[in-house]
Amino acid sequence: MKFQRYINQHTNQITLATAILIGVGLLGKVINSDLIYTVSFIVASIISGTPIILRAISALRFKTISIELLVSIAVIGAFIIGEYNESAIVTFLFLFGTFLEDKTLAKTRHSIKDLTEMAPTTALVIGEDGETEETDVDFVDVDDMVLVKAGGQIPVDGEIVDGSGHINEASITGESKLVTKQAGDQVYSGTILDNGTVKVRATKVGDDTTFGKIVELVEDAQDTKSPAEKFIDKFATYYTPAVLIIALVVGLITKDFRLAITVLVLGCPGALVIGAPVSNVAGIGNGAKNGVLIKGGEVMNTFANVDTLVFDKTGTLTEGKTAVTAIKDYSNDQLGLQIAAAIEKQSDHPLAQAVVSFTNDHQIGFDHIQVNSADTIKGRGVKATADGQPVLIGNLRMMNDEQISLTKQQQADLEQIQNQGSSTVIVAFNGQVQAIFGISDVIRQGVKESLAQLKSLGIQKTVMLTGDNLQTANAVAEQIGIDEVHAELLPEQKVQYVKQFQQEGHKVAFVGDGINDSPSLVTADIGIAMGSGTDVAVETSDVVLMSSGFNELIHAYGLSKKTVMNTKENIVIAIGTVAALLVGLIFGFIYMASGMFVHEASILVVIFNAMRLINYRPKMPKLDADQLSVSEYDLSLKQ
Amino acid sequence: MSKAILQLDALSCPSCMQKIQGALEKQDGVENVKVLFNAAKVKTDFDGDKISADKLSDTVTDLGYEVQSMKVK
């Protein structure tokens with residue numbers, strides 16, 4: 001065992017020594033010294049054959065017929081019949097090929113290694129005496145207080161109890177924009193405190209943190225096999241012994257020992273066993289680097305075949321928070337907006353808050369307005385007095401009650417806003433309507449373009465399922481150009497629709513925020529969570545989009561198609577190589593050493609082919625300026 | 001039942017997986033062995049009364065694979 005470990009650790013030196021010996025041997029041939037030639041090749045064969053034979057034996061002990069066994073038998077055979085140069089070159093090529101495979105494989109695993117290396121290692125724990133002590137992150141317990149200084153990494157999931165700072169959450173959300181956090185806010189392990197100092201109470205530590213879960217998920221994902229891989233694994237377990245038997249049969253029939261051992265080398269399934277997994281590793285690594293977590297090769301495969309995308313509306317197609325999406329101002333100098341904001345500031349109703357944040361966003365000041373009184377009238381709105389004059393803010397019913405009439409233009413505006421699926425808030429004073437706000441759930445930016453892009457990648461049908469009312473649903477659907485809409489649904493009914501599409505023969509992916517869509521996420525062929533790394537989303541879905549963006553959805557879909565394609569290419573290359581070698585053997589172009597060379601080259605070709613996936617990026621849709629809702633309001637305000 | 005996670009040096013041949021898996025499963029008190037080829041990690045459940053964590057690590061080392069670190073929960 002010691003000997004084997006020694007050999008394992010020094011394989012690279014052995015490979016180098018073999019290369020030098022082969023060089024010396026060839027030199028011996030040039031200067032016509034048979035002694036140098038023969039001795040060099042014999043020594044080279046022995047030292048480079050040792051690690052291969054050892055590996056073959058240790059695999060045999062676990063009842064596995066490995067590629068090393070095929071090579072070992074061939075090499076020993078060549079050695080016995082005195083073909084020392086063949087045996088030396090074959091073993092050298094095999095070892096050198098393995099060395100190159102390791103190096104290139106490491107490259108394909110790089111993205112994932114980068115991710116795991118981002119995990120925090122130490123934490124500054126604040127003791128009861130207030131002193132801090134640096135400890136290994138594994139020894140931090142829940143409810144411990146940790147101190148994080150500017151530039152430091154947050155070592156736990158927790159809540160800030162003191163201090164504030166700007167945090168880069170790229171490792172969790174994929175977005176490197178700095179987020180301001182202060183006491184009471186959640187922070188995540190693995191994120192970086194750009195500036196400031198914070199004291200954090202740990203709520204989750206180690207592998208339980210969101211970051212720990214992400215790392216575990218990705219590590220598991222790259223070892224979760226695709227159907228192609230599973231098939232090949234099964235194939236290889238029969239194929240390798242079959243090659244052994246074929247070589248034996250060939251040897252017995254032709255009585256040509258040399259031909260028999262050549263078959264052993266040529267039959268090695270090298271590129272075949274490595275081709276499919278390497279594509280998956282590269283593809284999953286690419287995803288992890290770009291905020292797309294795909295749970296393994298099987299998911300990759302199914303996702304590539306998806307033709308129907310079903311979306312939940314709220315929080316997926318829309319941002320899930322209400323905001324002013326339309327505004328009609330009939331007052332002078334935005335007075336109507338100012339007064340409305342000043343009064344609504346006193347309320348915590350979502351519609352009122354939307355009005356206030358709208359005026360804040362557009363820097364419309366309202367501090368100079370005195371609100372004297374404000375009374376809520378249920379189901380109507382607010383009756384208030386501001387700067388000494390009575391003001392009404394509410395719905396159309398309230399206006400009718402108070403005998404405020406709308407002009408023809410205002411009537412038309414109101415209808416237009418309502419048709420967009422928005423709730424309306426009317427502001428009136430001086431006996432006239434001064435402003436109308438349209439408030440609705442904001443549609444995410446670029447959804448329309450993204451859906452079009454997904455279609456060009458191969459999606460046939462897009463569907464929206466929502467619990468919201470039909471009018472709102474239709475309004476949203478019209479703006480984003482979705483194919484099918486079903487509104488006023490309960491979660492169970494959403495599941496029914498997913499099942500129905502599946503029965504119609506579609507492969508369905510369900511995209512939801514992961515909070516109340518779990519049944520649909522599980523039922524669909526592929527569940528895609530657009531939750532920013534929430535636990536539930538990570539666990540119940542097949543694909544997690546870290547920053548909840550549509551760009552990531554496009555990336556995920558495009559990537560899975562590319563990865564599956566890449567796997568197929570690699571299988572074709574591998575099988576093509578074996579076929580070409582056999583033809584070469586029959587026509588007498590190929591011998592043992594050249595066969596091994598072609599084999600090792602084909603292994604490198606499939607790895608390089610997979611490496612193309614590491615830098616894959618789909619074309620992203622260009623944002624249509626008209627759809628940027630914010631600029632639309634700016635325009636209407638200027639009028 | 002405790003859970004051990006062993007981080008190994010990079011694995012390069014898929015047959016390494018079978019070797020490690022087979023060797024660990026043969027030990028008394030070891031269950032659910034999972035070898036992650038690409039992450040070079042071994043995850044396993046074991047009964048602390050029947051086998052020590054160090055013994056697990058030694059088993060893998062004896063097969064010729066360097067154990068970089070081990071976590072036991």
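## Chain A at a glance

A compact globule of 639 residues would have a radius of gyration near 26 Å, whereas chain A comes out at 34 Å (taken over C-alpha atoms, with the globule rule being 2.2 Å times the number of residues to the power 0.38). This is a predicted model, in which local features need pLDDT of at least 70 and side-chain atom pairs count only at pLDDT 80 or more, while totals for chains, interfaces and linings use all residues. Residues are numbered from 1 along each chain as its sequence is written, and chains are lettered from A and ligands numbered from 1 in the order in which they are written.

Along the principal axes, the C-alpha atoms of chain A fill a box of roughly 115 × 65 × 45 Å. Its secondary structure comes to 25 helices and 20 strands (DSSP runs numbered from the N terminus: H or I of at least four residues for helices, E of at least two for strands). Of the 639 residues in chain A, 46% are buried. A residue is buried if 20 or more other C-beta atoms lie within 10 Å of its own, exposed if 12 or fewer, and partly exposed in between, with C-beta atoms placed from the backbone.

Let's look at helix α14 (residues 335-344) of chain A: 9 of its 10 residues are buried, so the helix is largely enclosed by the rest of the structure. Among those buried are Leu337(A), Gln338(A), Ile339(A) and Glu344(A).

Helix α18 (residues 447-457) and helix α23 (residues 550-586), both of chain A, have axes that come within 10 Å and cross at roughly 5 degrees. The axes are lines fitted to C-alpha atoms over the stretch in contact, and angles run from 0 to 180 degrees between N-to-C directions. Residues of α18(A) that meet α23(A) include Val447(A), Leu454(A) and Leu457(A), and on the α23(A) side they include Phe550(A), Ile554(A) and Lys561(A). Contact here has C-beta atoms, placed from the backbone, within 7 Å.

## Leu581(A)

Leu581(A) also sits in helix α23 of chain A. With 24 C-beta neighbours inside 10 Å, Leu581(A) counts as buried. Leaving aside neighbours within four places in sequence, Leu581(A) is in contact with Leu266(A), Ile590(A), Gly595(A) and Val598(A).

## Chain B

Now for chain B, which has 2 helices and 4 strands, following the pattern β-α-β-β-α-β along the sequence. The radius of gyration of chain B is 11 Å, close to the 11 Å that the globule rule gives for 73 residues, so chain B is as compact as a globular protein of that length. Its C-alpha atoms fill a box of roughly 35 × 20 × 20 Å along the principal axes, and buried residues make up 37% of the chain.

In helix α2 (residues 53-62) of chain B, Leu56(B), Thr59(B) and Val60(B) are buried. These residues cover an arc of only 95 degrees around the axis, which puts them on the same side of α2(B) (the arc is that of the directions from the helix axis to the C-beta atoms). On the other side of α2(B), Asp54(B) and Asp58(B) are exposed. Gly64(B) follows α2(B), and its phi is positive, near 105 degrees.

## Where the chains meet

Finally, the interface: 14 residues of chain B are in contact with 21 residues of chain A. Helix α1 (residues 14-26) of chain B gives the most to the side of chain B that touches chain A, with 5 residues.

Terms used:
Two residues are in contact if their C-beta atoms, placed from the backbone, lie within 7 Å.
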